[in-house]
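The following exercises are to be worked with the sequence and the coordinates at hand. Each task is followed by a solution in steps.

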Amino acid sequence: MKKVLSALLMVVFAASAALAAAPDTVTMKAKNGDVTFDHKKHSASGDCKACHGEGTPAKLILGKDAAHKLCKECHQAKKAGPTKCGECHKK
């Protein structure tokens with residue numbers, strides 16, 4: 001029982017440390033204007049796996065195609081958030 005409780009506490013501690021270190025906003029550089037992502041707002045849903053996948057959330061490295069697929073498709077599916085170029089990309 002002690003081992004299970006210890007393991008659970010370690011997982012909770014690691015997850016809380018990862019979330020505490022997460023920035024409020026993330027700016028991704030792009031040729032047609034930088035994209036500023038409100039991480040704090042998105043993380044409030046508690047669904048880290050939607051973007052980060054399984055395991056402990058870590059920094060995402062997204063190229064153009066991957067970012068458009070992940071972000072734009074999610075916004076379209078939820079009918080929320082920007083979906084047009086100028087709504088995300090700011091010069």
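**Exercise 1.** Leaving aside its neighbours within four places in sequence, with which residues is glycine 33 in contact?

*Solution.* The model is predicted, so local features need pLDDT of at least 70 and side-chain atom pairs count only at pLDDT 80 or more, whereas totals for chains, interfaces and linings use all residues. Residues are numbered from 1 along each chain as its sequence is written, and side-chain values use heavy atoms, with hydrogens and water left out.

Step 1. Contact means heavy atoms within 4.5 Å. With neighbours within four places set aside, glycine 33 is in contact with His89, Lys90 and Lys91.

Step 2. Glycine 33 and lysine 90 are separated by 57 residues in sequence, yet their C-alpha atoms are 4.6 Å apart.

Step 3. Glycine 33 belongs to the loop between strand 1 and strand 2; helices (H or I, at least four residues) and strands (E, at least two) are DSSP runs, numbered from the N terminus. Its relative accessibility is 5%, so glycine 33 counts as buried (buried is under 20% relative accessible area, exposed over 50%, partly exposed in between, with a 1.4 Å probe and protein chains only).

**Exercise 2.** Determine the strand order of the sheet and identify its edges.

*Solution.* Step 1. Two strands pair if DSSP finds at least two bridges between them. The open sheet has 3 strands in the order 1-2-3, with antiparallel pairing.

Step 2. Strand 1 (25-28) and strand 3 (89-90) each have a single partner strand, so one side of each is left without a neighbour in the sheet.

Step 3. Strand 1 pairs with strand 2 (residues 34-38) over 4 bridges in the antiparallel sense. Threonine 25 stands opposite aspartate 38 of strand 2.

**Exercise 3.** Describe the surroundings of histidine 89.

*Solution.* Step 1. Histidine 89 is placed in strand 3, and its relative accessibility of 16% makes it buried.

Step 2. Beyond four places in sequence, its contacts are Ala30, Asn32, Gly33, Asp34, Val35 and His68.

Step 3. The side chains of histidine 89 and asparagine 32 make a polar contact at 3.2 Å (a pair of N or O atoms within 3.5 Å; within protein, one must be able to donate a hydrogen and the other to accept it, and residues adjacent in sequence count only if both atoms are side-chain atoms).

**Exercise 4.** Characterise lysine 79.

*Solution.* Step 1. Lysine 79 follows helix 4 and lies in the loop between helix 4 and helix 5 (85-88).

Step 2. Its phi is near 50°, a positive value in a residue other than glycine. With a relative accessible area of 76%, lysine 79 is exposed.
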